[in-house]
Amino acid sequence: THQAHLAAASLRSDKNSTALQFGSVYQTVREQLVCNSDNPLPRTLAELSDKNLAVIAGSAQENALREAQKNSPSLQWEARHKLSTEKLLTAVSEGKLGCAAANELQLADARNYHTNLTAVLDIAPPSKLAWGFPSEADPELLKQLDKFFARIRKDGTLNRLLDRYYGHSNRLTKIDAAAFITAVNRVLPHYRQMFEEAASINGEDWHLLAALAYQESQWDPFATSFTNVRGMMMLTEDTADRMKLTNRLDARENIIAGAKYLTVLKESLPDRIQEPDRTWLALAAYNQGLGHLEDARILTSRAKQNPDSWADVKKWMARLNQPELYDTLKHGYARGGEAVILVENIRNYHDMLKRIEPEETTISYKLTKPL
């Protein structure tokens with residue numbers, strides 16, 4: 001309608017459109033029929049006649065349903081306006097809707113909160129997402145768009161962006177997600193103020209600190225590993241001494257010391273590394289140490305990839321257990337794959353906490369013990 005030059009949303013590129021034309025495809029996602037696994041599930045689109053199927057009006061999923069309707073003329077759905085896919089999937093989980101159409105990334109996120117959601121089948125060929133332009137758009141604008149996407153593909157920017165927002169999707173199992181939500185309701189209230197206090201002292205996000213602590217100990221202040229790593233944040237003796245922590249089993253002291261250590265690790269990284277990569281890399285060092293992180297960054301550089309990008313470094317971090325690689329590095333063998341799993345899980349837990357436990361008014365804390 002000539003009110004904008006381009007639309008940069010999750011648009012399903014449609015070569016048959018006469019009103020729009022599309023630029024370079026930047027992502028491909030599966031469009032799926034999502035239903036509640038507590039109920040009998042349809043096996044085909046034809047079996048949806050007695051189901052209440054809903055989709056977001058004008059979405060890529062509705063376009064996919066229109067494509068599917070060509071082969072299944074009886075297929076019907078309700079197009080919901082002014083509603084998010086998140087709320088639509090919540091309605092399916094709660095039994096208010098039979099099924100909904102969503103893409104695989106939307107489902108992966110929703111399944112962290114609603115473990116009874118399941119993908120029944122793909123409703124159409126995968127969506128090829130692209131930016132949309134008026135049919136008579138300036139050819140020079142489209143030419144510049146092609147150059148832009150060619151550049152960010154070549155220099156790795158596109159992959160880093162996709163990894164930043166979607167790279168950790170589907171990492172948690174249903175059991176992991178359900179256990180985490182249970183712990184948020186039953187355990188976190190006892191320690192939330194401690195995480196907020198530690199965050200205010202060290203300038204970190206309390207949700208991140210809580211996510212790290214859950215990954216390390218499931219918020220158990222008395223957790224102890226076979227290597228004698230102990231406490232809420234699972235600190236070694238050396239790290240505890242360095243952070244001037246006297247009692248690793250004191251939840252408050254352990255959380256503050258762990259937060260301080262994470263800040264120290266972040267500050268040890270080169271200044272040029274930007275967020276959120278700075279945090280993800282520091283978390284990997286929290287698990288395996290700065291030396292092994294540096295080895296992974298060296299491998300990344302050797303592969304002519306970006307050593308300042310977690311999306312690139314994590315590929316090589318996981319290979320620190322391979323003799324042909326670690327024999328060429330200063331710090332030798334490491335269980336780098338554990339660090340990758342830790343970081344990706346924390347990213348998931350952090351995202352979930354931000355949604356479940358929103359930020360509240362900042363609280364001022366007075367320390368009762370010296371650090």
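Analyst: Contact here means heavy atoms within 4.5 Å. The model is predicted. With that cut-off, and not counting residues up to four places away in sequence, Phe195 touches Leu188, Trp206, Leu209, Ala210, Ala213, Trp219, Met232, Met233 and Ile255. Phe195 belongs to the largest nonpolar core, which has 61 residues. Together with Trp219 and Leu283, Phe195 touches the most other members of that core. Two or more residues each come from α6 (174–186), α7 (192–202), α8 (206–217), α10 (251–268), α11, α12, α13 (310–317) and α15 (336–356). Apart from this core lies another, of 16 residues, including Leu45, Ala64, Ala101 and Ala124. In soluble globular proteins, nonpolar side chains tend to be buried together.

The axes of α11 (residues 277–288) and α12 (residues 290–302) come within 7 Å and cross at roughly 125 degrees. Angles of 65 to 115 degrees count as roughly perpendicular and those over 145 as roughly antiparallel, and α11 and α12 are therefore oblique to each other. On the α11 side the contact is made by Leu281, Ala284, Ala285 and Gln288, and on the α12 side by Leu290, His292 and Leu293. By class, this contact has 5 nonpolar residues, 2 polar ones and no charged ones.

How values were computed: Residues are numbered from 1 along each chain as its sequence is written. This is a predicted model: local features need pLDDT of at least 70, side-chain atom pairs count only at pLDDT 80 or more; totals for chains, interfaces and linings use all residues. Side-chain values use heavy atoms; hydrogens and water are left out. Axes are lines fitted to C-alpha atoms, for helices over the stretch in contact, and angles run from 0 to 180 degrees between N-to-C directions. Helices (H or I, at least four residues) and strands (E, at least two) are DSSP runs, numbered from the N terminus. Angles under 35 degrees count as roughly parallel, over 145 as roughly antiparallel, 65 to 115 as roughly perpendicular and the rest as oblique. Ala, Val, Leu, Ile, Met, Phe, Trp, Tyr, Cys and Pro count as nonpolar, Asp, Glu, Lys and Arg as charged, and the others, Gly among them, as polar. A nonpolar core is a set of buried Ala, Val, Leu, Ile, Met, Phe, Trp, Tyr and Cys residues joined through side-chain atoms within 4.5 Å. Buried means under 20% relative accessible area, exposed over 50%, partly exposed in between (1.4 Å probe, protein chains only).
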